[in-house]
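Dear colleague,

I am handing over to you the structure shown below.

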Amino acid sequence: MSTGKRVLLIIAGGIAAYKALDIIRRGRERGLAFRVILTKGGAEFVTPLSVASLAGDKVYSELFSLTDEAEMGHIRLVREADLVLVAPATADIIGKMAHGLADDLATTALLANDRPVLIAPSMNAVMWAHPAVQANVATLRARGVHIVGPGAGDLACGEIGDGRLAEPLDIVAAALRLLAPGPLTGLKALVTSGPTYEAIDPVRFIGNRSSGKQGHAIAAALAAAGAETTLITGPTALPDPAGCHVRHIESAAEMLAQTLEQLPADILVAAAAVSDWRPASQAGQKMKKRENDAPTRLDLTTNPDILATVAAPGPKRPKLVIGFAAETEKVVEHATAKRRKKQCDWILANDVSPETGTFGGADNKVYFIDAAGAEEWPLLSKTELAQRLVARIVAEIKKATP
């Protein structure tokens, strides 16, 4: 199977360069053709022969090669590509891209490029968090460069944190989305998912039974439809959905801060089960049980209302704000009142009574509520519900687009 799409892959000099071989293999399995620029640093980790064997094409590395420039100059390399992919994208090449530097074949080709660009950052967690790197990434985002990853986990340097190269299949999936734009391509979506944990002391917390399955499924469906999707999730046992930027948080305050940081956006789906309250104060040490076993009093205070905050009129309000209402009685009545109070456009209301199995289960049954009233949806898997919701979003976006 061939998609007829050609990717110009630039392999920069990071320890994750060996994963570029799997990117080529996985991409070719899905019909992509590759030409490869191997930087001098990249060649320290993978050989031109191994890259050429997998790509089925010559590997390019020298800007001043008379033969290469005569046969396939740097201008032709980008003009004959449908997408330019930089993987791994090191701090060095990200900085050069941001500042328009061109001192080798890779950076010269990037500067001469007019095709979509996707980068997959990979570096030490401290490097990734450095203000200079983050400023460069922000510059590239503002210019329309697409970014996949990085993920969190064990790094080659022995540390743990953000900076891990996205998985090859996730990188290929992101490339395929750019090469075959979906109906939400060009739009930015935010999804909140999972529970929040509100700390009582360093050991205990107030939480809820949300698994995050519905929110994660919605984020995956939005990304599959082409939206640049950021998932802001509380603690769950779920893997990060492919193709999404993921921000992991614990408390409602952290979720609100991350949500506001990601604005402006076109679409917000607030699917998280946010705790309504948190302890008024957090103990610095584990609270001990009293000698007489008398219950300890726990004073609570109200958490910020994320949905109402983002849905309030203002220049950064998303065009479409969608909330969830988890109810145990009078589901439609309470959710309808919640939609009006919080000023969101739509609300999906569901019954989360223990006997329904909604929290933690694979299926969900909701009422779709907008200004026109309530519409009962059938029992669906959470994946099917996410796809149905995204189809509704697509229809709404098309209706609103002149």
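The second largest pocket has a volume of about 1100 Å³. This is a predicted model, in which local features need pLDDT of at least 70 and side-chain atom pairs count only at pLDDT 80 or more, while totals for chains, interfaces and linings use all residues. Residues are numbered from 1 along each chain as its sequence is written, and side-chain values use heavy atoms, with hydrogens and water left out.

**Pockets**

A pocket is an open set of points on a 1 Å grid over the protein atoms alone where a 1.4 Å probe fits, with protein on both sides within 12 Å along at least five of seven lines; lining residues have an atom within 4 Å of a point. The volume is the space filled by probe spheres set on the points, which are joined across faces, edges and corners.

The second largest pocket is lined by 44 residues. Those nearest its centre are Ala272, Ala273, Val274, Asp276 and Lys338. At least two lining residues each come from strand S9 (188-193), helix H10 (213-224), helix H12 (306-311), strand S17 (320-327) and helix H13 (331-342). Helices (H or I, at least four residues) and strands (E, at least two) are DSSP runs numbered from the N terminus. By class, this lining contains 17 nonpolar, 19 polar and eight charged residues, where Ala, Val, Leu, Ile, Met, Phe, Trp, Tyr, Cys and Pro count as nonpolar, Asp, Glu, Lys and Arg as charged, and the others, Gly among them, as polar.

The largest pocket has a volume of about 1300 Å³. Its lining consists of 49 residues, and Arg141, Ile147, Gly149, Cys244 and His245 are the closest to its centre. Helix H8 (residues 131-142) gives the most to this lining, namely five residues. In the lining of the largest pocket, 23 residues are nonpolar, 15 polar and 11 charged.

Serine 193 has threonine 233 in S12 as its bridge partner. By contrast, the pairing of S20 with S21 is antiparallel and runs over four bridges. Tyrosine 367 has its bridge partner in S21, glutamate 376, and a hairpin of two residues joins S20 to S21.

Contact means heavy atoms within 4.5 Å; axes are lines fitted to C-alpha atoms, for helices over the stretch in contact, and angles run from 0 to 180 degrees between N-to-C directions.

In the loop between S17 and H13 lies lysine 330. Its phi is near 45°, a positive value in a residue other than glycine.

**The sheet of six strands**

Another open sheet has six strands in the order S3-S2-S1-S4-S5-S6, with parallel pairing. Its edge strands, each pairing on one side only, are strand S3 (59-60) and S6. S4 pairs with strand S5 (residues 117-121) in the parallel sense over four bridges, and the bridge partner of alanine 89 is proline 121 in S5.

Helix H1 lies across strand S1 (6-11), strand S2 (33-38) and S4, running at about 165° to S2. H1 (residues 19-29) also packs with helix H2 (residues 48-55) at an angle of about 10°, the axes being 9 Å apart. Leu21, Ile24 and Arg28 of H1 make this contact with Ser50, Val51, Leu54 and Ala55 of H2. Five nonpolar residues, one polar and one charged take part in it.

**Cis peptide bonds**

Alanine 87 and proline 88 are joined by a cis peptide bond, with omega about 0°; proline 88 has its place in strand S4 (residues 83-89). A cis peptide bond with omega about 0° also joins glycine 149 and proline 150. Proline 150 is found in the loop between strand S6 (146-147) and strand S7 (151-154), and Gly149 is among the residues closest to the centre of the largest pocket.

With kind regards

Conventions: Two strands pair if DSSP finds at least two bridges between them.
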